[in-house]
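Student: Hey, I've just opened this one and I'm new to it. Can you walk me through it?
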Amino acid sequence: MSELDTHTTPTMGGHLLGAADIRRIAADAGISPTKKFGQNFVIDPGTVRRIVREAGVGADDHVLEVGPGLGSLTLAILETGARMTAVEIDSPVAQRLPQTIAEFMPDAAARLRVVRADALTLTPGNLPDFRDDATFTLVANLPYNVATPILLTLLERFDNLGSFLVMVQKEVADRLSAQPGSKIYGTPSVKLAWYGTAQPAGTIGRNVFWPAPNVDSALVRFDRHAPDEGPATHASADRAAVFALIDAAFGQRRKTLHAALKKVVPEGTFEKAGIDAARRGETLTVDEFVRIADAAKELGA
Ligand SMILES: C[S@@+](CC[C@H](N)C(=O)[O-])C[C@H]1O[C@@H](n2cnc3c(N)ncnc32)[C@H](O)[C@@H]1O
């Protein structure tokens with residue numbers, strides 16, 4: 001993208017934020033973006049509209065946004081007519097958000113709840129907004145330093161988190177959707193595959209942010225397995241056991257399965273699972289890790 005919209009963009013019932021709006025809101029509220037919270041705010045209405053379009057959000061959806069910041073993406077989500085909860089860690093930023101929505105999209109204010117919290121602490125118990133939804137979706141421009149832990153934590157704790165569309169650092173996006181055998185396939189890729197399917201959904205340049213980050217960004221789309229599909233449906237599959245094997249195998253990723261896992265699985269496990277112990281963990285699909293966990297369990301692990 002060569003040119004940015006620097007002015008407010010009119011939309012049905014309100015406005016999206018341009019660069020001039022973002023700077024004014026920040027100055028007004030005495031907010032300077034901090035590295036500690038990964039604060040790079042989107043200043044381009046075209047980018048937030050693209051994210052929302054890729055997410056496929058519509059008026060019937062209930063959306064969780066982690067890290068709404070000054071409200072760029074929040075307004076684009078609200079523009080669709082969706083209901084949403086925005087969870088922000090930084091108090092001054094969270095406190096300012098309702099005023100921004102009231103100013104730029106007053107009719108949507110009733111569809112937004114702002115929660116001041118660390119996304120890593122969220123549980124269905126302390127975030128009951130989503131308790132009655134069959135599924136809900138996460139749409140976020142995630143803080144880059146904690147993006148992967150936030151995704152894995154939310155997937156583990158919220159069974160009804162059905163899909164997400166997130167913007168993360170390009171390298172992280174590549175890892176999240178990497179396939180077995182590639183250099184960048186790692187624990188985030190294989191653990192995410194336990195829950196569903198991740199796919200790259202495009203790259204985003206640095207000039208759509210304020211301040212501009214020194215890394216490139218990309219979008220990742222994720223869809224959770226249907227309840228009757230995926231590794232979690234194996235009769236004996238136990239997520240904690242499978243994840244412990246994954247951590248052990250990738251902890252020594254240059255070693256063979258035999259060497260990396262000999263202390264954690266009983267003798268004969270690989271034969272029973274039908275998996276060559278001379279392979280490296282970085283070549284295994286999540287289903288193959290499940291087979292090893294199943295075999296180890298049957299052998300009394
Ligand atoms: C990359 S900025 C995105 C801001 C906004 N969504 C945008 O696109 O302009 C990340 C946001 O996440 C917030 N944040 C950082 N760590 C967080 C955490 N653990 N839980 C919730 N919010 C967090 C930051 O304060 C910041 O507002």
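This is a predicted model: local features need pLDDT of at least 70, side-chain atom pairs count only at pLDDT 80 or more; totals for chains, interfaces and linings use all residues.

Student: OK, so where does Pro-211 lie?
Tutor: Pro-211 is in the loop between strand S10 (209–210) and strand S11 (217–224).

Student: Is cis or trans what most peptide bonds are?
Tutor: Most peptide bonds are trans.

Student: Switching topic: what domains does the protein have?
Tutor: The domain assignment gives domain 1 (3–224) and domain 2 (232–298). Taken over C-alpha atoms, the centres of domain 1 and domain 2 are 34 Å apart.

Student: And how many residues are in contact between domain 1 and domain 2?
Tutor: On the domain 1 side 13 residues take part, and they are in contact with 17 residues of domain 2.

Student: How much area do domain 1 and domain 2 bury between them?
Tutor: About 1,300 Å², and 67% of that is on carbon and sulfur atoms.

Student: What about salt bridges, how many between domain 1 and domain 2?
Tutor: The count is one salt bridge. Asp-247 forms a salt bridge with Lys-191, where the closest N and O atoms are 2.9 Å apart. For polar contact, the count between domain 1 and domain 2 is six residue pairs, both residues being at pLDDT 80 or more.

Student: Which element gives the most to the side of domain 1 that touches domain 2?
Tutor: That's helix H7 (residues 187–195), with six residues. The residues on the side of domain 1 that touches domain 2 divide into six nonpolar, four polar and three charged.

Student: Is H7 mostly covered or mostly open?
Tutor: Mostly covered: seven of the nine residues of H7 are buried. Among them are Lys-191, Trp-194 and Tyr-195. So Lys-191, the partner of Asp-247 in that salt bridge, is a buried residue of H7, which means under 20% relative accessible area.

Student: Last topic, then: where is Ala-278 found?
Tutor: Ala-278 is in the loop between helix H10 (269–273) and helix H11 (286–298).

Student: Why does Ala-278 count as exposed?
Tutor: Because its relative accessible area is 54%, and exposed means over 50%.

Student: And how far apart are Ala-278 and Glu-298?
Tutor: They are 20 residues apart in sequence, and 21 Å apart in space, going C-alpha to C-alpha.

Notes: Residues are numbered from 1 along each chain as its sequence is written. Side-chain values use heavy atoms; hydrogens and water are left out. Domain bounds come from an automatic or database domain assignment. Contact means heavy atoms within 4.5 Å. Buried area is the accessible area (1.4 Å probe) that two parts lose on being put together, summed over both. A salt bridge is a side-chain nitrogen of Lys or Arg within 4 Å of a carboxyl oxygen of Asp or Glu. A polar contact is a pair of N or O atoms within 3.5 Å; within protein, one must be able to donate a hydrogen and the other to accept it, and residues adjacent in sequence count only if both atoms are side-chain atoms. Helices (H or I, at least four residues) and strands (E, at least two) are DSSP runs, numbered from the N terminus. Ala, Val, Leu, Ile, Met, Phe, Trp, Tyr, Cys and Pro count as nonpolar, Asp, Glu, Lys and Arg as charged, and the others, Gly among them, as polar. Buried means under 20% relative accessible area, exposed over 50%, partly exposed in between (1.4 Å probe, protein chains only).
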